[in-house]
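Reader: Could you walk me through this one before I set anything up? I would like to start with how the terms are used and then go on to the details.

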Amino acid sequence: IEISDILGFSKENLILKIINKQEEKILIAFNKKRITEEDIVKAYKKSQEHNLKYSILSMGEPAKKTINLFEAMKNLDSINKI
């Protein structure tokens with residue numbers, strides 16, 4: 001992994017533009033034990049600003065509620081509005 005740019009940093013997170021296997025991505029590292037759905041959405045929005053895929057790095061696992069959401073969405077075919 002090669003760091004190509006530092007996009008932001010604070011006590012809570014570090015946002016880097018990286019190159020991994022010839023592909024440019026955003027890496028967001030969180031300095032906390034649990035990441036939440038809100039953290040993931042913020043990471044997604046930051047990646048959309050730069051039109052790049054993103055990866056998340058944290059000191060622990062996602063919150064149980066977040067893991068349950070991931071599991072529920074694995075087999076989701078569609079959501080429709082009536």
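Author: Let me begin with a term: a residue counts as buried when its relative accessible area is under 20%, and as exposed when that value is over 50%. The model here is a predicted one, and in it buried residues make up 23% of the 82 residues in the protein.

Reader: And what does the accessible surface come to?

Author: The accessible surface is about 6700 Å², and carbon and sulfur atoms hold 52% of it. Along the principal axes, the C-alpha trace spans about 45 × 25 × 20 Å.

Reader: OK, what's the order of the elements from the N terminus on?

Author: The order is β-β-β-α-β-α, which comes to two helices and four strands.

Reader: How do strand 3 and strand 4 run, parallel or antiparallel?

Author: Strand 3 (residues 23–30) and strand 4 (residues 53–58) run parallel and are joined by six bridges, with Phe30 standing opposite Ser58 in strand 4. Together with helix 1 (residues 37–49), these two strands make a β-α-β unit, and that unit is right-handed.

Reader: Changing topic, which residues make the nonpolar surface patch?

Author: Ile3, Ile6, Phe9 and Leu14 make that patch, whose area is about 430 Å². Strand 1 (residues 2–9) supplies the largest share, three residues, and Leu14 is also one of the residues that Ala29 touches.

Reader: Take Ile3, then: is it buried or exposed, and why?

Author: Ile3, a residue of strand 1, counts as exposed because its relative accessible area is 51%, and the cut-off for that class is over 50%.

Reader: And Thr66, buried or exposed?

Author: Thr66 is buried, because its relative accessibility is 2%, whereas the limit for buried is under 20%. This residue lies in helix 2 (residues 64–74), and, leaving aside neighbours within four places in sequence, Thr66 is in contact with Ile35, Thr36, Glu37 and Ile40.

Reader: Last one: for contacts with a separation of 6 or more, what percentage is between residues 24 or more positions apart?

Author: Within that set of contacts, residues 24 or more positions apart account for 43%.

How values were computed: Residues numbered from 1 in each chain as written. Predicted model: local features only at pLDDT ≥ 70, side-chain atom pairs only at ≥ 80, totals over all residues. Heavy atoms only, no water. Patch = residues over 30% accessible without salt bridge, like charges linked within 9 Å, V, L, I, M, F, W, Y side chains within 5 Å. Areas by Shrake-Rupley, 256 points an atom, 1.4 Å probe, with all protein chains shown as cover. Salt bridge = Lys/Arg side-chain N within 4 Å of Asp/Glu carboxyl O. Buried < 20%, exposed > 50% of the residue type's maximum accessible area, 1.4 Å probe, protein only. Contact = heavy atoms within 4.5 Å. Pairing = 2+ DSSP bridges. Right-handed = clockwise from strand over helix to strand, strands pointing away.
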